[in-house]
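The sequence and structure come first.

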Amino acid sequence: MLIGALLVDFDGTACLQDVSELLLDRFGEPEWEAFDEAVDRGEMGLREAARHQAAMLRGSLDEMLEFVLDHAQLAPTFPPFVGWAEDYGLPLTLASDGFAFYIRPILEAAGLGHLDVVTNELEANGGPPVLRHPNGHPECVGCGTCKMLVAYGLRERYGPVAFVGEGQSDRYGALYSDLVFAKDALAPICERDGVRFLPWETFVDVRDAIEAADTLPGPTGGDRCPGWRSP
């Protein structure tokens, strides 16, 4: 097998729903989508947009987590995919640029609490929630969680990286991975960036393609990520 490690997005990928959007629809303010639109127009980075959106949440962490556990489900093919990866000794890391606090509880409910997760931190101490970025790039403020750095780190430790994603926040993980699986919004983004990718619908597709791969496209990104934004 040519792949040495797996990097998987959470919201909309490992999890069927974009949980941050579920929370904003239920607990946020109506204008939260305007910040997504600003990102699409290139007027602000993902980190800035997410911090504005997090501040709009009007539920306690306990209330929001209860809601999430009732309304969000892991993709049915994801737990078997984790088992397959473990059988082959492939490290699997989940990387998310979402509100983060719900990921570990969702995984634990499925018996997957041992997985490595790289994401943001949401703090709520009586006032508006604040989104922290312990896994952001030390110089770039474009994204909250730098998936480029996660891909780099996995490659340095384990060799070629396969990335699985579906959305805007997955653009830079895709640019810096060796084999990319893209669907939904990520597919046209990869086409615009010149990233060769394989379409996927379930993690069975991902597993089968990894097992069959006899060559790897390699990373497309340059020395500086195109999402770079100075503080």
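## Aromatic rings

Rings of Phe, Tyr and Trp (its six-membered ring) pair if their centres lie within 6.5 Å; planes under 30 degrees apart count as stacked, over 60 as edge-to-face and the rest as tilted. F78, F81, W84, Y88, W200 and F203 form one aromatic cluster. The whole structure holds 9 aromatic pairs. One of them joins Y152 and Y176 edge-to-face, at 5.6 Å centre to centre and 65° between the planes. Y152 belongs to helix α7 (residues 147-158) and Y176 to the loop between α8 (171-175) and β7 (179-182), so the pair ties together parts 24 residues apart in sequence. Helices (H or I, at least four residues) and strands (E, at least two) are DSSP runs, numbered from the N terminus.

Y176 is buried at 1% relative accessible area, while Y152 is partly exposed at 30%. Buried means under 20% relative accessible area, exposed over 50%, partly exposed in between (1.4 Å probe, protein chains only).

## Charges over rings

A charge sits over a ring if NZ of Lys or CZ of Arg is within 6 Å of the ring centre and within 35 degrees of the ring normal. K183 lies over the face of W200, 4.0 Å from the ring centre; R26 lies over that of F27, at 4.6 Å.

## Cysteines

The search finds 0 disulfides (cysteine sulfur pairs within 2.5 Å). For C146, the nearest cysteine sulfur is that of C225, 6.5 Å away. C146 is buried, with 9% relative accessible area.

## Basis

This is a predicted model: local features need pLDDT of at least 70, side-chain atom pairs count only at pLDDT 80 or more, and totals for chains, interfaces and linings use all residues. Residues are numbered from 1 along each chain as its sequence is written, and side-chain values use heavy atoms, with hydrogens and water left out.
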